[in-house]
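Student: Please guide me through the side-chain contacts of this protein by question and answer.

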Amino acid sequence: MPKLFYSPASPYSGKVRMAAAYAGIPVVTVTVETGPQPALLTDANPLGKIPVWITDDGQSIYDSRVITQYLNRLSGNKLFPRNADKRLDAERLEALADGICDCLLAIVYERRGRPEEIIHQPWIDKQWSKVTRSLDLLNANPPKLPKAITTGQIALRAAIGYLDLRFPGKWEKGRPRLKRWAARFDEKFPELKAIVPQG
């Protein structure tokens, strides 16, 4: 059975785990701490990043967007539509959700990795402005939640889960439609709710 090196708090790991569950692809999950850069991880991915999908024959697949494309092929297109325009919409939503997470992680690492007196607040503010622009766009026009969802919706739910985990109370104000969207996602796909990023 394939393995997935992951962290429970990682939104990218959450996206891949949710995508695999939704596509019906079983995987053994292995928690890995990225800070120490263990050989287990760096041998599989020289960048030392998670998630990493290890195939049955020992091949390493990374990063999360490459993994979701791989899982889509493996599942016979359960994660991305065959229609070119709809597929582009799904890929764009995944990229936006991942981009939000990129900015959030930049903020987290700035605060975590530097002493208080040298934290660069303008850098944090710039990243947060990218997040708020993206969230406002999504709140104005939340993605549909049809019976068959895509990696795009899954990636967005993982991103919102990470916001709830690391930025509780700081993103929801003025975005009720996006908050309701996440709640509806959990109602429609309860089997995925437990995989949303958590501490």
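This is a predicted model: local features need pLDDT of at least 70, side-chain atom pairs count only at pLDDT 80 or more; totals for chains, interfaces and linings use all residues.

Tutor: Residues are numbered from 1 along each chain as its sequence is written, and side-chain values use heavy atoms, with hydrogens and water left out.

Student: Is Ser 10 buried or exposed?

Tutor: Ser 10 sits in the loop between strand S1 (3-6) and helix H1 (11-23); helices (H or I, at least four residues) and strands (E, at least two) are DSSP runs, numbered from the N terminus. Buried means under 20% relative accessible area, exposed over 50%, and partly exposed in between (1.4 Å probe, protein chains only). Because its relative accessible area is 10%, Ser 10 is buried.

Student: Which residues does Ser 10 touch, not counting those up to four places away in sequence?

Tutor: Contact means heavy atoms within 4.5 Å. With the stated sequence neighbours set aside, the residues that Ser 10 touches are Ile 50 and Pro 197.

Student: How far apart are the end C-alpha atoms of helix H4?

Tutor: The expected span of a helix is 1.5 Å times one less than its number of residues. For the 30 residues of H4 (residues 84-113) this should give 44 Å, and the model agrees, with the end C-alpha atoms 42 Å apart.

Student: What kind of aromatic pair do Phe 185 and Phe 189 form?

Tutor: Rings of Phe, Tyr and Trp (its six-membered ring) pair if their centres lie within 6.5 Å; planes under 30 degrees apart count as stacked, over 60 as edge-to-face and the rest as tilted. Tyr 22 and Phe 189 are edge-to-face, at 6.0 Å centre to centre and 80 degrees between the planes. For Phe 185 and Phe 189 the centres are 5.3 Å apart and the planes at 50 degrees, so this pair is tilted.

Student: Which residues do ring pairs link into a cluster?

Tutor: Phe 185 is buried at 0% relative accessibility, and Phe 189 is buried at 6%. The cluster linked by ring pairs consists of Tyr 22, Trp 181, Phe 185 and Phe 189.

Student: How many residues apart in sequence are the parts tied together by Lys 179 and Asp 164?

Tutor: A salt bridge is a side-chain nitrogen of Lys or Arg within 4 Å of a carboxyl oxygen of Asp or Glu. Lys 179 and Asp 164 form one, with their closest N and O atoms 3.6 Å apart. Because Lys 179 lies in helix H7 and Asp 164 in helix H6, the pair ties together parts separated in sequence by 15 residues.

Student: Is Glu 110 buried or exposed?

Tutor: Glu 110 and Arg 114 meet in a salt bridge (2.9 Å, N to O). Arg 114 is partly exposed, with a relative accessible area of 39%. With a value of 9%, Glu 110 is buried.
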